[in-house]
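Here are my notes for your first read-through. Please keep the model open and check each point against it.

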Amino acid sequence: MAQDTHHSIAEVLSRQPLFRGMSPEELQPIAAGCREFRVRKNVVLFQKGDMAEGLHVLVMGQVKLAIPSAQGAEKVVHMCGPGSTFGEAVLFQEHPYPVMAQTTVDSIVLLITKRTLLEAMDSSPILVRRMLASLSLHLHELLENMESCTLRTSAQRVACFLTQAIPVLNDGPYEIHLPASKQTLASQLNLAPETLSRVLGHLAEAGLIKVKGRTITVLDCRKLRSFTA
């Protein structure tokens with residue numbers, strides 16, 4: 001990891017979804033057991049099999065959670081954006097990490113030690129409820145990922161990913177900026193990179209999208225949504 005920064009960690013914590021609304025008195029002991037890091041692109045935060053040190057909070061940037069293979073390939077499980085937390089499930093079970101975590105861009109990451117987090121949860125019902133909500137969200141995302149990989153065609157997986165980025169009430173053209181490379185997105189959708197490119201080409205030929213680099217313009221949101229059914 002990079003060296004610690006000297007920002008006010010309590011102030012940084014107060015802006016994160018998990019801790020928003022907590023009083024300065026509640027945040028101070030958490031901040032005392034927390035470190036903040038500025039991390040360069042492609043830095044591995046932890047490897048699959050490492051024992052959990054604490055809860056990671058992504059303040060800025062992007063982190064990839066992936067399962068590496070012995071052959072050097074990987075299956076991307078989730079892409080974490082600002083405000084995301086990761087590593088909490090194994091933290092309570094005292095199991096090793098089942099995935100690796102790696103930054104995909106320069107990022108700012110908080111690491112809250114296990115002891116600090118447990119002590120904070122003992123004294124804050126609000127934090128406990130939010131932690132449960134966070135774990136439930138991660139479980140829901142994992143089940144969605146399993147459904148996508150097992151029950152949907154390759155075209156439906158791509159269309160579903162795109163429609164999730166469109167505001168619910170939007171039916172007109174909408175621009176989507178891919179948060180990661182197409183190779184990473186392909187792994188997340190359990191597709192080969194060439195399959196993803198082929199599917200994007202088919203959707204473009206059908207007049208549903210337009211692709212320019214990592215920017216995808218959805219031309220007909222309604223038809224794209226119906227395509228996932």
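This is a predicted model: local features need pLDDT of at least 70, side-chain atom pairs count only at pLDDT 80 or more; totals for chains, interfaces and linings use all residues.

1. Start at Asn190. This residue sits in the loop between α7 (182-188) and α8 (193-205). Phi of Asn190 is near 60°, a positive value, and Asn190 is not a glycine. Most residues other than glycine have a negative phi. Is Asn190 buried or partly exposed? Its relative accessible area is 42%, so Asn190 counts as partly exposed.

2. Now look at Asn42. Asn42 also has a positive phi, about 70°, without being a glycine. Its place is the loop between β1 (34-39) and β2. Relative accessibility is 48% here, so Asn42 counts as partly exposed.

3. Next, the aromatic rings. How many aromatic pairs does a search of the whole structure find? The search finds two. In one of them, the ring centres of Phe46 and Phe86 are 6.1 Å apart, and the planes meet at 45°.

4. Phe46 belongs to strand β2 (residues 44-46), and Phe86 belongs to strand β6 (residues 85-86). The two parts are 40 residues apart in sequence, so the pair ties together separate stretches. Phe46 is buried, with a relative accessible area of 5%. Phe86 is buried too, at 2%.

5. Phe46 has another partner. With Tyr97 it forms a stacked pair, 3.6 Å centre to centre and with 10° between the planes. Tyr97 lies in the loop between α3 (88-93) and β7 (100-103). This pair links parts of the chain that are 51 residues apart. Both Phe46 and Tyr97 are buried. Taken together, ring pairs link Phe46, Phe86 and Tyr97 into a cluster.

6. Move to helix α6 (residues 154-164). How many of its eleven residues are buried? Nine are, and the helix is mostly covered. Among the buried residues are Ala155, Arg157, Phe161 and Leu162.

7. Strand β11 (residues 215-218) is covered on both faces. Thr215 and Thr217 are buried on one side. Ile216 and Val218 are buried on the other.

8. Which strands does β11 join? Strand β9 (residues 174-177) runs antiparallel to β11, and four bridges join them. Ile176 has Ile216 in β11 as its bridge partner. Strand β10 (residues 209-212) also runs antiparallel to β11, again with four bridges. There, Lys210 has Thr217 as its bridge partner.

9. Check the turn between β10 and β11. These strands form a hairpin with two residues between them. Gly213 in the turn has a positive phi of about 65°.

10. Finish with the cysteines. A disulfide is a covalent bond between the sulfur atoms of two cysteines. How many disulfides does a search of the whole structure find? It finds zero. Cys34 has a relative accessible area of 7%, so Cys34 is buried. Cys160 is at 11%, so Cys160 counts as buried as well.

Definitions and conventions
Residues are numbered from 1 along each chain as its sequence is written. Side-chain values use heavy atoms; hydrogens and water are left out. Rings of Phe, Tyr and Trp (its six-membered ring) pair if their centres lie within 6.5 Å; planes under 30 degrees apart count as stacked, over 60 as edge-to-face and the rest as tilted. Buried means under 20% relative accessible area, exposed over 50%, partly exposed in between (1.4 Å probe, protein chains only). Two strands pair if DSSP finds at least two bridges between them. A disulfide is a pair of cysteine sulfur atoms within 2.5 Å.
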